[in-house]
Amino acid sequence: MVEEQAERPADRIWRRYDRRQRLIHYAVVLAVTMAVVWAVHDIDIFWPWVWDAPNQISNLGARMWPPDPTRLGAIVAAMLETVHIATLATMLTVFIALPVSYIAAQNTTPNRACLWLGRFILVASRSVNTIIWALLFVAIFGPGVLAGILAIMFRSVGFIGKLMGEAIEEIDRRPVEAMEATGASKAKIIVYAVVPQVMPAFFAILILRWDINIRESTVLGLVGAGGIGVILQGAIDTFAWPTVATILVAIIALVLIGEALTSLLRRKVL
Amino acid sequence: MLEISQLTKRYGQDDPVLTGLDLTVEGNSVVAIVGASGAGKSTMLRCINRLVEPTSGSIKLNGHELVGLKGAELRRARRRIGMVFQGFNLIDRLSVMENVLAGRLGYVSLFQAVTRRYPQADIERAFQLMERVDIAHYANKRADELSGGERQRVGVVRALMQEPEVLLADEPTASLDPRTSEQIMMLLQSLASELSLPVLINIHNVSQAKTYTERIVGLRHGKMIFDGRPADFTSDALDAIYGGIEAAQDEPPAPPAATRKHEAPHEPF
Amino acid sequence: MNRSDTPRTWRKPPFIANPLLRYGILAVTATYLVWAFATLPFNWQRIAEGLPRSARIFGGGFPPNFSRVDLLLTGFIESLQIAILATLLGVALSIPFAIMAARNIAPLPVYLLGRAVIIVSRSFHPVIVAILFVAAVGFGPLAGILTLTLYSIGFVGKLLAEEIEEIDWGQVEAIRAAGAGYLATLIYAVFPQILPRQVGLSMYQLDSNLRASAVVGIVGAGGIGSTLMNAFGRYDYDFAFAILLVIIAVILVSEGISGWVRKRLW
């Protein structure tokens, strides 16, 4: 019974976290609080507008109701254009992304210079958002679908190239070794031992990016690069809110159809 | 005839993996190379077809020097050297026939390789060899649908498709169950005499080495310490090769990946 | 061993066994390509001017002009503020929406509502949401915060809802068996299981909100994007390229930090 005496229930303290953990928690909470206070305090917002915002938003919503389907024909045509932009851009990207992934993968790159060139292309492509690419191409080629296709392509190269590069780096090296032992040249090794191994990854990545590109191409028109965004921008500029509502519904429908189609493709192809 | 003389391989500044190795293999003899993990068996075989670059020494196949060959010449030399791997090294997603025909990659053009339009003679030979090892009915099956023993037979046929002048087998039975591994050893033995082909087999299983080969070479720490007929391979020789090396018999042989690790990490192929 | 009935020729079996389907797919693809290219309105005359124009743009853009540092800095600070506030609001609000959208703990009508909110907010690209908020509450960072909050709710909410649907149900039963109510069950049996994921997601979301804040500014929702859009609009290409370079640098740094933090946490 000595032990029971030494450690009576009253002396036992239970804490969820130990001292160091608690200190880290406090530090994190303090840092977050400071960041938020600074952001709220410093940001260039006219606060009365904030309290008025729910009002304004519901007002806008009310003006949109009911959706106006009179321009449905033009909307559907623009939707098709959007899909074309996404699809063609995804297809064309393949021709650029595959060589780039080939030189950006450590096990296939011809030399160091190519490796760094490949990585630079991938990083540059991924760091600039589609709509910023679109801004640039609209400035160069003028408003229209070409700027849109190029913008989607330039962003997708980084995405597809990076993931394909990783797929190439993860291949089983043993068949490659066996092909080398037969006296096959490098090109034959690529088509025979590397390509079959990365095929499933390639289709998965392509389908994934097509899905993303459908979404991205809905906004290209806002900077003049073609697709449904052009009509959306026009409707907003003319305060045709019921038409805006119709366009929004159409975009949701498009995205959902795209999602259904990609999951179907994934099941069929992979 | 394969003549290896003074073959040395060292990775970077480490101790040499192979030191001054001399070995001559003639005619259609089957040679077993035994030794503990890390004794240099795998490195030796890979030096022959230059998957591993020898540091110094000479390797001659039917009078042609292999060390120092580059580019197209090296590829032409490799065509004459068949290799069978421990992990089969098949391309899983391709059919058995495509894997078998891969043995002709050193001969056909890139266009033929891409479109799989191999010459009629190659296809004929592929069917004959596949029938010889009983896998012809799998021709259009995917390689990963086969069992281990069947996969290794695909590996053997692929190597024979090269019309090799020497066959290297790197632990061909280590990934197989005992029964299947006996079958593969028997197959290699009879192919050697049918095709009058010298065969070098790295093998861990000493009793199989004694049963299926006519010559045993023992390596320890990169040096040859036994070379003789199976009948002369006594328990003394066994001790000399494996003695003092812990659990040498049970330990699986080092996979090729482990040897590659020493080389330049980003080596392109 | 020579079986004479074996076929002696061999061709690679086609990728798609059914010839009708095989050629059908080819034909459909070809038709689609022709149709798409034929219907898309390319303004070739304008496109032909592209080369001299791009020479002018890149010529005007190099070297990038970093002299207006204060403007650049103001834009970035605003972007950062937008990202921080939107992440905080979005992550906090995503919890109730995730609970609503988790089939295993929400009643059906609530579940459908929660799912609908998440699907809608995920369907719209943030730029579309931004342009609507700009129309509703005016130009400036407020529209940006609202946009990215909704964006975060969609993204974090979806992943969190999936996480909740995969929790170990035994813990919930144990807490219920101890007599806990709905809220106590949530706090004791559900939250501890999803919290580690939530912290990682927040870091990820902060990173992606910072990226997105550069973009929503293009339609007037504040931050560096607005600065960039103004520079482009004034054909001020050397300043625009300076902004672009800084955006790339900031994105790389933020990706690095967020990746490092997430690695430490998991």
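This tour moves through a predicted model, one selection at a time.

In this predicted model, local features need pLDDT of at least 70 and side-chain atom pairs count only at pLDDT 80 or more, while totals for chains, interfaces and linings use all residues. Residues are numbered from 1 along each chain as its sequence is written, chains are lettered from A and ligands numbered from 1 in the order in which they are written, and side-chain values use heavy atoms, with hydrogens and water left out.

**Stop 1: annotated spans of chains A and C**

Select residues 79-262 of chain A, which an unreviewed UniProt entry annotates as "domain: ABC transmembrane type-1". UniProt positions are given in the numbering used here, feature names are shortened, and annotations may be inferred rather than shown by experiment. This span is 83% helix and 0% strand, and its end C-alpha atoms are 18 Å apart. Helices (H or I, at least four residues) and strands (E, at least two) are DSSP runs, numbered from the N terminus.

Residues 82-106 of chain C are 76% helix and 0% strand, with end C-alpha atoms 32 Å apart. Residues 239-261 of chain C are 100% helix and 0% strand, and the end C-alpha atoms lie 33 Å apart.

**Stop 2: a cis peptide bond in chain A**

Select A:Trp65 and A:Pro66; the peptide bond from the former to the latter is cis, with omega near -5 degrees. A:Pro66 is found in the loop between helix 3 (47-64) and helix 4 (72-104) of chain A. Most peptide bonds are trans.

**Stop 3: where chain A meets chain C**

Display both chains; the contact (heavy atoms within 4.5 Å) takes 58 residues from chain A and 59 residues from chain C. The buried area, meaning the accessible area (1.4 Å probe) that two parts lose on being put together, summed over both, is about 5000 Å² here, and carbon and sulfur atoms give 81% of it.

Which side chains form the salt bridge between A and C? They are C:Glu255 and A:Arg126, at 3.6 Å, N to O. A salt bridge is a side-chain nitrogen of Lys or Arg within 4 Å of a carboxyl oxygen of Asp or Glu. The pair crosses from A:Arg126 in helix 5 (residues 112-127) of chain A to C:Glu255 in helix 11 (residues 237-265) of chain C. C:Glu255 is partly exposed, with a relative accessible area of 27%; buried means under 20% relative accessible area, exposed over 50%, and partly exposed in between (1.4 Å probe, protein chains only).

**Stop 4: where chain B meets chain C**

This contact takes 15 residues from chain B and 11 residues from chain C. The two chains bury about 1300 Å² between them, 52% of it on carbon and sulfur atoms. Select C:Lys12 and B:Glu98, which form a salt bridge with their closest N and O atoms 2.7 Å apart. On the side of chain B that touches chain C, helix 3 (96-101) and helix 5 (120-132) of chain B each supply at least two residues. Helix 5 of chain B gives the largest share of that side, seven residues.

**Stop 5: a salt bridge within chain A**

Select A:Arg215 and A:Glu259, whose side chains meet in a salt bridge (2.4 Å, N to O). A:Arg215 lies in helix 9 (residues 186-217) and A:Glu259 in helix 11 (residues 241-269) of chain A, so the pair ties together parts that are 44 residues apart in sequence. A:Arg215 counts as buried at 15% relative accessibility, whereas A:Glu259 counts as partly exposed at 31%.

**Stop 6: B:Glu163 and B:Arg104**

B:Glu163 has a phi near 50 degrees, a positive value in a residue other than glycine. Most residues other than glycine have a negative phi. B:Glu163 also forms a salt bridge with B:Arg104, the closest N and O atoms being 2.8 Å apart. The pair links distant parts of the chain, 59 residues apart: B:Glu163 is in the loop between helix 6 and strand 7, and B:Arg104 in the loop between helix 3 and helix 4 (110-115) of chain B. Is B:Arg104 buried or exposed? B:Arg104 is buried, with a relative accessible area of 7%.

**Stop 7**

Finish at B:Asn202, found in strand 8 (residues 199-202) of chain B and buried, with a relative accessible area of 1%. A polar atom of its side chain lies 3.1 Å from the backbone oxygen of B:Lys41. Residues that B:Asn202 touches include B:Ser42, B:Asp170 and B:Glu171. B:Glu171 lies in the loop between strand 7 and helix 7 (178-194) of chain B. Phi of B:Glu171 is near 50 degrees, and the residue counts as buried at 4% relative accessibility.

Methods: A polar contact is a pair of N or O atoms within 3.5 Å; within protein, one must be able to donate a hydrogen and the other to accept it, and residues adjacent in sequence count only if both atoms are side-chain atoms. Lists of a residue's contacts leave out its neighbours within four places in sequence.
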